[in-house]
Structure formats: structure tokens, C-alpha cells
Amino acid sequence: MRTPQGMRCRDLKSDRRKGQFWQDQFVAMARSHGCVAEDKQKGKESSAVAVSCDGGLILPDAQVSKLGVTVAVEVKHKDPTRHGQYGYEEYRLLDLVRYANATGMQVILAIHDHKLAGGRDVTHNRLRDWRWMDVTEMEKQHDYAAPGFTYFQGKPVVRRIRYWDALRFAPLADHPFFRDQPKRDVRLRDPSRPAGGQGMLFLR
């Protein structure tokens, strides 16, 4: 059984503070690149939830909008395993896929790779250290899966973890949201109100 590297940290409160720090960094970085950005989880003791006909859905951490397109983003601060893979809980991935299918929005996993950044406790934020992948693409194919330790509702549990080669993830710096500057005469849409039939900028 593999142990996800996030379990190295035994202090869950400290781990959550670190996670919130990198959500804040992502939101600030997105805004600096001309996006309208909103953190859905900030200030909440438990995960923000949306309600659908299928029941509750845990919201991705953030939404970013640019030039009329909105993308939901799950933010993680982690590094690859010794096998060169990023791991992510299957139940959480499937929830994100359900959210993408229910809303029509694209949902991505954005990873701040602290191996690239220089260590788990770094505080500087460089765009070049971020990687991303569409969750619907992640759901279609993975490289490995096994039970592993994670946190669920604040308690350590064993859940199925999927793993993907880190090379499957694209540099966030290559994406139009973070490469192009917005046109000043284009009104950015409120990210909390997704538009119907919007296009997808995160196609690979």
C-alpha cells in the first residue's frame, strides 16, 4: 500500500493552513494574469458543497474567469511520488467529474509541485512550478491505483488512490489564462454564475 506524501504531515490543522496558503497564492496569481478569481473554500470549516439532483457535490477550491470563460480549479501543493507520479483520491476525483458534467464547466487539478519549487515549506510562488490536468481526462486513464492513507472528514482513513505520471500534467504557464493578457474592452463575467454553453480553454 502506498502512502500519499501528504500524510507525512501529522498535523492536519497545519496541513489545512498550508493548503489554504496555496489556494490564496493560486487566486492571487490568476488575478495578476487578468482573471476574475474566487476562492470557494476560504473561511469555511468544512468543504463548500453544491446541491444537484444527484445530491451534494463538494465544490472545487476556486473558479477563475477570463474573456467570458469560467474554469473550476482544485488546488494542491504536492510533489511526485518516488515513482514519478502524482496521486489523488478516487472518490474526490469522481466528485469533481460529476461537478464538471453537472455544470458544463471544465474542472482541472492544478498542482503546485514543491519539488520543483525547492521544498514543501517554500512560500515563494512561481508560475513555472505549477502543473495542471483536466479531471475528465484524469478519470479516463491512470497509470496505477491502490488503497492508500488519506484524510476524510478530518480523520485518517484508507481510500483508493489513483496515480498519474507527472509528465501527463501540462505546465500551467502554457495555458492562455496565464500566457495572454486580457483585452481591456472585454467585460469579465462573474465566476459564480456560469454561462450556458461556454467554451473550454483547457483542451489539450
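Just past helix α2, G104 takes a positive phi of about 80°. Helices here are DSSP runs of H or I with at least four residues, strands are E runs of at least two, and both are numbered from the N terminus. This is a predicted model, so local features need pLDDT of at least 70 and side-chain atom pairs count only at pLDDT 80 or more, while totals for chains, interfaces and linings use all residues. Residues are numbered from 1 along each chain as its sequence is written, and side-chain values use heavy atoms, leaving out hydrogens and water.

Back to α2 itself, residues 90–103. Its 14 residues should span 20 Å at 1.5 Å a residue, and the end C-alpha atoms are 20 Å apart, which agrees; the expected span is 1.5 Å times one less than the number of residues. The buried residues of α2 are E90, R92, L93, D95, L96, V97, Y99 and A100. Buried means under 20% relative accessible area, exposed means over 50%, and partly exposed is in between (1.4 Å probe, protein chains only).

Now for strand β6, residues 85–89, where 5 of 5 residues are buried. In a regular strand, side chains alternate between the two faces of the sheet. Both faces of β6 are covered: Q85, G87 and E89 sit on one side, Y86 and Y88 on the other. Strand β10 (residues 155–165) runs antiparallel to β6, with 5 bridges joining them, and E89 has I161 as its bridge partner there.

There's also an open sheet of 6 strands with mixed pairing, in the order β1-β4-β5-β7-β8-β11. Its edge strands, β1 (36–39) and β11 (170–171), each pair on one side only. Two strands pair if DSSP finds at least two bridges between them; β1 and β4 (residues 62–66) have 4, in the antiparallel sense. D39 stands opposite A62 in β4.

On to the aromatics. Rings of Phe, Tyr and Trp (its six-membered ring) pair if their centres lie within 6.5 Å; planes under 30 degrees apart count as stacked, over 60 as edge-to-face and the rest as tilted. That rule gives 6 aromatic pairs, including these two:

| Pair | Centre to centre | Angle between planes | Class |
|---|---|---|---|
| F21 and W22 | 5.1 Å | 85° | edge-to-face |
| W22 and W130 | 6.3 Å | 65° | edge-to-face |

W22 counts as buried at 1% relative accessibility, and W130 is buried at 0%. F21, at 29%, counts as partly exposed. One aromatic cluster takes in F21, W22, F26, W130 and F178.
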